[in-house]
Amino acid sequence: MENSVQQQIIDFLQVGGPVVWILMGFSVVALTIVLMKLWQFASMRAESRKTVDKALDAWRQHNPNQALELLDETRPVDSLVGFSIRSLQSGHMEVDRIREEVERLAMNKLNQLRSYFRPLEIIASLSPLLGLLGTVLGMITAFQQMEGAGSQVDPSVLSGGIWQALLTTAVGLAVAIPVVTMHSWLERKVERISHMVNDAVTQVFTCKEAERLVAKAAKEVLHAA
């Protein structure tokens, strides 16, 4: 049974030709990237808000140290909230500069989450085009055989050539559809994380505790002057 399945796969690849081999390579690359990204998102638990919400509650209750202890800074949202709180506590930077630095760090983290999205996008775009190319080449071959046979055309030969040609289009679509789906799903996850970052960091800066620390830092600057 196992040998027959292997033989069917080999026959399938031989019938499809080099285009199918390329598409199979694309599918292996896409699967590897998707599994890697799933592991990355799962290990970070980037969309979990449990620790951030608890830390923000502590921050609103004027307990910045407790807020920092509650954060899990292996997560992107938690780390940016922690950086914002520590920067406000230190009083060494102006609020505008802190916001700019948080924005820079957020862009870096989001770009890290989007890594390898471009290859998925390319595979999703090229796969149906390669399948179509294989079909066109197969149809050309089929009609050349038809021309060479002259008046002795065997319909079974022509139909056999056509279904072999259409096989590459089917494989191209079979590769492209799941890749497009996974790419869109991963993009949506990054968009949700981006919204969470913006929402959580904004809550840090709009809290009364932030105003108190900013006012305190301004007084210290005046006394120092």
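Is Arg118 buried or exposed? In this predicted model, Arg118 counts as exposed because its relative accessibility is 53%, and exposed means over 50%.

**Salt bridges**

Side chains of opposite charge can pair when their charged atoms come close. The structure holds twelve salt bridges, and the table lists some of them.

| Pair | N to O distance |
|---|---|
| Lys189 and Glu47 | 2.3 Å |
| Arg114 and Glu187 | 3.8 Å |
| Arg118 and Glu121 | 3.3 Å |

Lys189 forms a salt bridge with Glu47. Lys189 lies in helix H8 and Glu47 in the loop between helix H2 and helix H3, so this pair ties together parts that are 142 residues apart in sequence. Lys189 is buried, at 11% relative accessibility, whereas Glu47 is partly exposed, at 26%.

Arg114 pairs with Glu187 in a salt bridge. Arg114 lies in the loop between H6 and H7 and Glu187 in helix H8, so the two link parts that are 73 residues apart in sequence.

**Surface patches**

Leu132, Leu133, Val136, Leu137 and Ile140 make a nonpolar surface patch of about 430 Å². Ile140 is located in helix H7 and is partly exposed, with a relative accessible area of 43%.

A negative surface patch consists of Glu94, Asp96, Glu100 and Glu103. Glu94 is found in the loop between helix H5 and H6 and counts as exposed, at 57% relative accessibility.

Definitions and conventions:
Residues numbered from 1 in each chain as written. Predicted model: local features only at pLDDT ≥ 70, side-chain atom pairs only at ≥ 80, totals over all residues. Heavy atoms only, no water. Patch = residues over 30% accessible without salt bridge, like charges linked within 9 Å, V, L, I, M, F, W, Y side chains within 5 Å. Areas by Shrake-Rupley, 256 points an atom, 1.4 Å probe, with all protein chains shown as cover. Salt bridge = Lys/Arg side-chain N within 4 Å of Asp/Glu carboxyl O. Helix = DSSP H or I, 4+ residues; strand = E, 2+ residues; numbered from the N terminus. Buried < 20%, exposed > 50% of the residue type's maximum accessible area, 1.4 Å probe, protein only. Lys, Arg positive; Asp, Glu negative; His and termini not counted. Charge placed at Lys NZ, Arg CZ, Asp CG, Glu CD.
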